[in-house]
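Open the model in a viewer and turn on the cartoon display. The stops below can be selected one after another.

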Amino acid sequence: VEVRLSSLSKDETKAIIVAFSDRSKGTYYYYDIEKDELIMLAELSPWLKTDDMAKMSPVKYESRDGLTIHGYLTLPLNYNKGDRIPDVVKPHGGPWVRDYWGFNSEIQFLANKGYAVFQMNYRGSTGYGRSFWEKSFKQWGKDMQNDITDGVNWLIDEGIADPDKIAIYGASYGGYATLAGLTFTPDLYACGVDYVGVSNLYTFMQSMPAYWKPYLEIIKAIWYDEDNDQEKKIMDEVSPVFHIDNITKPLFVIQGANDPRVNIDESDQIVSGLRAKGVTVPYMVKYDEGHGFGKEENMMDLYKAMMGFLAQNLKQ
């Protein structure tokens, strides 16, 4: 259980404390510091039984260039050591954020359906120091993607993942990583789910919302600058939409039509390009959503469709 200070009174004599774990959303307490008195306020999800939830374990592996990559592995409750099972590889978005240990409804849902869920904090993930972050500069589709690939191979070598039943699923930058995975390492995955992901670095940078414009020069310096001939060449190399002939495994694309961060054109390009080649691509667009679904009915549709897609491609 992790215990955190949630709120503190101005005179620092009273506090709100939250205690949570990987199998519980947590419980809030009122703590009178002077009296050393603790009173439970509310349990966030008492209907979820801890014993029914899967354990999220911290893991680490070494990248091909010798970097230590940390992550988390969640195994289904009925997992027996030595079994090779279907795995969902889930790179986080951002990319300058990180995955944390703790309760995650989506991870629990996938584990409940019998999948191992593998999350990795590839280079550029925050919380591991400046040097680790800087190693992600100019590395979209390159070393950042290699960190994910190396993690998948580690999972296979550990005897956990069935090498023929591995899916990659991510949102935003994780969606880009999904498309890059299916494009640049097509033999590694059985299928992929791209959720509001970037497919074309040119159109992505050109369609950035107004509130990102002040950061555009920083983004060009840290990502890629199309005005630099050498970097333009790399942008061509790492934009999945220019290499759709490499996509040979089933792909499911999900997009919010009002997404200000990753414009719907990013998903339209990859879907229309594949469909033009006669490839069937299930494509879910919700016209009342943006960068990720927030409405319950839309989330229900998303997970129903995604579970059917994963079952079809990983459990047959």
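Start with strand 2 and strand 3 (residues 24-32): they run antiparallel and are joined by 7 bridges. This is a predicted model, and residue numbers count from 1 along the chain.

Next, select I16 and look across into strand 3, where its bridge partner is Y30. Then follow the chain from strand 2 to strand 3: the two form a hairpin, with 2 residues between them.

Now colour strand 2 by itself, residues 14-21.

Move to strand 1, residues 2-8, which pairs with strand 2 in the antiparallel sense over 6 bridges. L8 stands opposite A15 in strand 2, and V3 has A19 of strand 2 as its bridge partner.

Strand 1 and strand 2 also form a hairpin, this time with 5 residues between them. Select E12 in the turn: its phi is positive, about 60 degrees.

In what order do its strands lie? The order is 1-2-3-4, in an open sheet of 4 strands with antiparallel pairing. The edge strands are strand 1 and strand 4 (37-43), each of which pairs on one side only. Neighbouring strands of this sheet are turned against each other by 30 degrees on average, direction ignored.

To finish, show the backbone, since strands of a sheet pair through backbone hydrogen bonds, either parallel or antiparallel.

How values were computed. Predicted model: local features only at pLDDT ≥ 70, side-chain atom pairs only at ≥ 80, totals over all residues. Heavy atoms only, no water. Buried < 20%, exposed > 50% of the residue type's maximum accessible area, 1.4 Å probe, protein only. Pairing = 2+ DSSP bridges. Axes fitted to C-alpha atoms, helices over the stretch in contact; angles between N-to-C directions.
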